[in-house]
Amino acid sequence: MRRFPFLAYLGPGLLYAGAAVGVSHLVQSTRAGAVYGYGLLAVVIFANFIKYPFFVVGTKYTIVTGKSLLDGYESLGRLPIWIFFLISVGTMCIIVATVTLVTSGLFSNLLGLTMEPWMLCSIILTFCFLLLAIGKFQALDGLMKWIVVLLTLATIVAMVLSFYAGIPKLTTEGKSFSLGNLADVAFLIALMGWMPIPIEAAVWQSDWTLAKKTPDGKLPPMKYAMIDFNIGYIGTTLLAVCFLALGSNMMYNTGMEFSSQAVGFASELVKLYTTAIGSWSYPIILVAAFFTMFSTTLTCFDAYPRVVSNASRRLFPTLQKLSTEKLYWYWIFLVGIGSILILLFFRTNMKSLVDFATTVSFLNAPILALIHHLILFGKEIPKEERPKPWMNLLSWFGILFLFGFSIYYINITFF
């Protein structure tokens with residue numbers, strides 16, 4: 001431990017990785033490779049690169065000030081808190097419904113169940129509720145870190161072996177991406193929407209960092225907190241590349257395509273691994289993929305009510321009469337019911353729900369990115385603790401790109 005003192009401070013970055021390696025990786029990155037080959041590889045790397053400043057603020061602000069990132073929002077006035085609150089409330093049920101639907105596909109394959117998607121999702125969310133209610137989240141989270149590591153190693157192995165899998169290719173050229181094609185642009189927006197995770201997750205990262213306080217109230221040193229964050233962030237970026245490569249090598253220009261239904265997609269995803277590694281790996285990959293998505297579902301189901309209850313207490317003084325714990329349970333109940341209603345009455349087509357949720361997140365991203373920039377380079381962070389000038393330029397470039405591409409997408413879609 002003395003040779004690697006940063007190991008004692010690992011945690012928030014791994015939690016971030018566990019939450020990020022979900023829909024954006026297993027679903028969107030793999031689909032990108034299967035449909036466009038390596039045509040969108042640069043997009044995956046680019047999306048992670050330009051969003052870096054908007055996530056690192058969750059760690060840097062908290063270590064410098066000792067406060068939650070929501071305090072940073074509040075330091076800019078009530079409007080940023082309102083924006084965060086409205087975006088979170090407006091999207092949390094959609095996002096939880098989406099990740100739960102993907103999880104239900106793997107759950108169905110794992111146990112051989114044939115049930116309506118909303119019923120499977122209800123079972124999964126009920127189990128999540130019980131885990132959180134009896135306080136077993138931390139113990140399960142420790143196990144899930146190892147599950148994510150297992151899936152990561154399996155993905156890397158499968159990706160390497162996929163170059164030698166010898167999958168028959170069609171004689172015709174596969175689909176190529178075009179900015180002039182509305183369907184291609186729509187998928188591009190959906191791909192970048194949760195790449196690597198919705199931007200509001202920086203608030204989760206901040207709260208996880210606060211949880212690393214020692215009994216005497218000390219936070220990790222900035223050096224080690226940044227190592228932890230960078231391990232998680234860079235690791236998830238590389239893993240997204242692996243998923244894209246796996247999809248490209250195994251499915252691009254083969255005539256095969258993913259099912260739009262959760263159960264079919266889950267089966268086809270696991271088959272990518274078993275074709276590359278061997279049929280013996282099927283149960284291992286299926287279990288690892290399920291627990292990875294379950295980890296994402298549980299994290300989202302817990303995180304949104306926590307940050308929304310925190311924001312709502314700041315906005316509505318009457319809510320301060322309620323205890324933080326009671327308000328959290330009110331919100332978690334609303335999230336659970338809202339997610340199930342979305343799946344029951346609106347969308348059970350996994351592909352369309354994933355694309356809708358990720359597109360909404362992309363369109364929200366520029367506003368949150370601007371707020372995070374103002375916090376990262378604001379008065380609460382001393383000049384000597386602020387990022388280098390190149391990070392300032394990268395942050396402004398990311399904001400302009402997100403605003404510009406959102407406007408372009410809205411223009412070609414509706415006008």
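A crossing of two helices is called left-handed if the near helix is turned anticlockwise from the far one by less than a right angle, and right-handed if it is turned clockwise. The model treated here is predicted: local features need pLDDT of at least 70, side-chain atom pairs count only at pLDDT 80 or more, and totals for chains, interfaces and linings use all residues. Residues are numbered from 1 along each chain as its sequence is written, and side-chain values use heavy atoms, with hydrogens and water left out.

**Exercise 1. Helix packing**

Determine how α3 is placed against α8 and against α10.

Solution. 
Step 1. Helices (H or I, at least four residues) and strands (E, at least two) are DSSP runs, numbered from the N terminus. Axes are lines fitted to C-alpha atoms, for helices over the stretch in contact, and angles run from 0 to 180 degrees between N-to-C directions.
Step 2. The axes of α3 and α8 come within 10 Å, crossing at roughly 50°. This makes α3 oblique to α8; the classes are roughly parallel under 35 degrees, roughly antiparallel over 145, roughly perpendicular from 65 to 115, and oblique for the rest. The crossing in which α3 passes α8 is right-handed.
Step 3. For α3 (residues 41-65) and α10 (residues 222-251), the packing angle is about 160° and the axes are 10 Å apart. The two helices are therefore roughly antiparallel. The crossing of α3 and α10 is right-handed.

**Exercise 2. The largest pocket**

Describe the volume and the lining of the largest pocket.

Solution. 
Step 1. On a 1 Å grid over the protein atoms alone, a cavity is a set of points where a 1.4 Å probe fits but cannot get out, and a pocket is an open set with protein on both sides within 12 Å along at least five of seven lines; lining residues have an atom within 4 Å of a point. Grid points are joined across faces, edges and corners, and a volume is the space filled by probe spheres set on the points.
Step 2. The largest pocket holds about 630 Å³ of space. Its lining comprises 33 residues, and Arg 31, Val 35, Tyr 36, Phe 187 and Lys 351 are the closest to its centre.
Step 3. At least two lining residues come from each of α2 (23-36), α8 (182-193), α14 (350-376) and α15 (389-414). Helix α14 gives the most, with 6 residues.
Step 4. The pocket lining has 17 nonpolar, 9 polar and 7 charged residues. Here Ala, Val, Leu, Ile, Met, Phe, Trp, Tyr, Cys and Pro count as nonpolar, Asp, Glu, Lys and Arg as charged, and the others, Gly among them, as polar.

**Exercise 3. The enclosed space**

State how many cavities of 30 Å³ or more are counted, and characterise the largest cavity.

Solution. 
Step 1. The count is 3 cavities of 30 Å³ or more, and the largest cavity has a volume of about 100 Å³.
Step 2. Of the 14 residues lining the largest cavity, Ala 19, Trp 194, Ile 197, Pro 198 and Thr 296 lie nearest its centre. Two or more lining residues are given by each of α1 (12-20), α2, α5 (78-111) and α12 (282-315).
Step 3. By class, the cavity lining has 11 nonpolar residues, 3 polar and no charged.

**Exercise 4. Burial and backbone**

Solution. 
Step 1. Buried means under 20% relative accessible area, exposed over 50%, and partly exposed in between (1.4 Å probe, protein chains only).
Step 2. Most residues other than glycine have a negative phi, and most peptide bonds are trans.

**Exercise 5. Sequence and space**

Solution. 
Step 1. Gly 247 is in helix α10 and is buried, with a relative accessible area of 0%.
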